[in-house]
Amino acid sequence: MKEFDVIIIGAGITGAGTARDCALRGLKTLLIERADIADGASGRNHGLLHSGARYAVGDPESACECIKENMILRKVASNCVEATDGLFISLPEDGLEYRDKFLKKCAEAGIHTQTLSPQKALSLEPLVNPELISAVKVPDASVDPFRLVSANVLDARLHGAEVLTQQEVTEIIKEDGRVKGLKVLDKSSGTVNTYYAHYIVNAAGIWGAKIAEMAGVHIGMLPAKGSLLVFDHRVTRMVINRCRKPANADILVPGDVVSVLGTTSDKVPFEQCDDMKVTKEEVDLLLREGCKLVPSLAQTRIIRAYAGVRPLVASDDDPSGRNVSRGIVLLDHLKRDGVDGFISITGGKLTSYRLMAEMTADLLCSKLAIKAKCHTADTPLPGSEKSVKFSSVVRKAREMKMDTSVIEAAVSRHGSQVEAMDFSGKGSELVCECEKVCRAEIAYAVKVLGVKTLDDLRRRTRVGMGPCQSSYCVEKAAKALAEELGDTSLSEELKKDYLQHRWKGIVPVCRAEQLAQAEYLRNKYGK
Amino acid sequence: MRADVIIIGGGQQDAALATRLLEAGKKVLLIFEGRKSEDRSREEFRAKGGSLLAGDKVCRVDWAEDGSRVEAIYTEGLEDTALRAEAYVLCSGRFFIRGLLSEEDRVWEPVFGVDVKYLKDSSRWCDPDFFAPQPFDSFGVIPSEDCKALKDGKEVENLYVTGDILCDGIDNTEELCKRII
Ligand SMILES: Cc1cc2nc3c(=O)[nH]c(=O)nc-3n(C[C@H](O)[C@H](O)[C@H](O)COP(=O)(O)OP(=O)(O)OC[C@H]3O[C@@H](n4cnc5c(N)ncnc54)[C@H](O)[C@@H]3O)c2cc1C
């Protein structure tokens, strides 16, 4: 029987970050995920590394957290973050009253701002609504959430943590009122395994409510669905926000080669959380509001729509459940419910995951009487270490006369981990043209990152996420992955699963140019 | 310029049809947007003496006053040159090659604006199963029994329609050739 210091449930950013922090502090750590890493909210968000400006007026505490974490992640996760900066634009109907308050509150939170004239703003971002009356520049940034989760999971493993994916926690074992372990269903084999630990951390996002029930405690959670649209290129260089009380569809984030507009916010029943569909009404609303930020979005091709769930946590002191806690929620269930061995961490944001992990690991260490300190604020994640550019692999690849942009793309995704990739021979073959993913990267993802499906591969390499949305590369990618998995007969199934999965994001926006593309995709693969 | 038949092409069968009409002794002009090098059957049509207007696009249509006939068409490349024919054949393909266009809740045929069958509510255009028949596959131009296009429900006397632009996967090639030849 294997016993761990800590078992963490859920490999979203919170669980991945917590696993890394625990592993760095020397705890014997197990991370369990029912699907794949970043399959929950962590892979379905906006990809905005908040400067905190959005929260400055309404939630100063979150604003302070965000700006601090933003500055930290730029350093320790540099290969996941693109320092785009952000603009908060005021339109005539917004007036300047909010902006003035906004400037004051940003200053209080320590968020650097620079007020720009409309002319200056338009010279920096020619496509923003020309009717703007003011713009404020802030240190928002764009973050690749998949890469961030993947880097945390990888580093946890490099420091001794065990990671299980496709394994669902189905039961929590309690003895004498104390949580001792859990039962886990292995989805590929159908077997149920038992794991024991001194502490179990519930980092299951919105599904944390269910995990809590398993442990016999209640967390009042309200699922809030947020929908987003992906446009086929980078429409702006900076993140564009509306300078007003946060509302629907008021952020446009450039990410990699595309732009993401969002979000909506609607309470949904728990049953919907496992299979969220973006509705026509949401698409219309996003587009209508988004065009106020950047009018040309009306003519820009929408390539997908997707939705995630924010786990809103009802305040413990409000039995009606109407008051929602802001910010990070760390629950010590011994103190709160008299159940020992069980901790829940939720709320917060992608941007504040590191702090959430630190708080959780601090609590665990104090309970385990371990003195180890947190080092995540100054230890770079794999891929963000300096000196990467000069790594031997890059040099070797140059000597081999490989297209250096392919190597650079791999470096930007995996940093110094490219040293574990073999670019010789077949390795240099390009599989995804849009995102420049080559065979060596796929081989690495299978061997080191535990990739089993094309969707797993997409989350770790961005394969198929560019403008062509895999219509050109899916065949090639499926073949390459099947070969790396050691079973070429898998290729057809891998391809079909992937196409079906991606179709879900196309359906809500299947009109105009996207209908033309969808028809092409279907004629090529669907008949 | 005058022909017996002008085919507004782009769709998959355009050149095959053009060649067939040519071989039946018609003077045929085939207009399509793409480059000619893309398709061998179009080259073949030209080699046999057909007239080809590649990389060009119909931009204007002269209608008879009562809208019952097409009098002439004009292309972007030839500007003010009226192209006239006994019969016009619309064979401009589906969405991917812009024979059909769409936006939320609307599908239309951009050259002549003829009647198109589709579902009004765009949230019903797709099946959630990628591999199932898709509702949008059945959208397309509605042909009359005489293989002609309709405009506001009325048959256009000299405008035929054929190929994959038709709704419900209708294949009226044989019927159409009989009527034109
Ligand atoms: C629409 C939207 C946009 C957002 N935009 C931003 C943004 O731009 N910037 C930002 O900072 N934050 C943003 N957020 C917030 C951010 O995405 C979330 O705060 C964060 O991703 C939560 O991560 P998590 O790990 O706690 O939860 P999740 O990512 O949901 O992870 C929970 C994991 O637990 C797993 N799990 C569930 N049940 C079980 C079980 N029984 N056994 C094993 N595993 C299980 C799930 O599969 C899942 O992978 C956004 C959120 C949404 C919804």
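Author: Start with accessibility. Buried means under 20% relative accessible area, exposed means over 50%, and partly exposed lies in between (1.4 Å probe, protein chains only). On that scale Glu174(B), with a relative accessible area of 49%, is partly exposed. Some ground rules: this is a predicted model, where local features need pLDDT of at least 70, side-chain atom pairs count only at pLDDT 80 or more, and totals for chains, interfaces and linings use all residues. Residues are numbered from 1 along each chain as its sequence is written, chains are lettered from A and ligands numbered from 1 in the order in which they are written, and side-chain values use heavy atoms, with hydrogens and water left out.

Reader: What makes Arg20(B) and Glu174(B) a salt bridge?

Author: The rule asks for a side-chain nitrogen of Lys or Arg within 4 Å of a carboxyl oxygen of Asp or Glu. The closest N and O atoms of Arg20(B) and Glu174(B) are 2.8 Å apart, so the pair qualifies. The two residues are 154 apart in the chain: Arg20(B) sits in helix α1 (residues 14-23) of chain B and Glu174(B) in helix α3 (residues 173-180). Helices here are DSSP runs (H or I, at least four residues), as strands are (E, at least two), numbered from the N terminus.

Reader: Are Arg147(A) and Asp144(A) buried or exposed?

Author: Buried. Arg147(A) has a relative accessible area of 11%. Asp144(A) has 10%. They form a salt bridge, the closest N and O atoms being 3.3 Å apart. Over all chains the structure holds 61 salt bridges.

Reader: How do you know that chain B and chain A are in contact?

Author: Contact means heavy atoms within 4.5 Å. By that rule 23 residues of chain B are in contact with 21 residues of chain A. The chains bury about 2,000 Å² between them, 61% of it on carbon and sulfur atoms. Buried area is the accessible area (1.4 Å probe) that two parts lose on being put together, summed over both. Phe96(B), Phe130(B) and Phe131(B) supply 38% of the area that chain B buries against chain A, more than any other three residues.

Reader: What makes Asp137(B) and Arg522(A) a salt bridge?

Author: Their closest N and O atoms are 2.6 Å apart, so the pair meets the cut-off. The count between chain B and chain A is six salt bridges.
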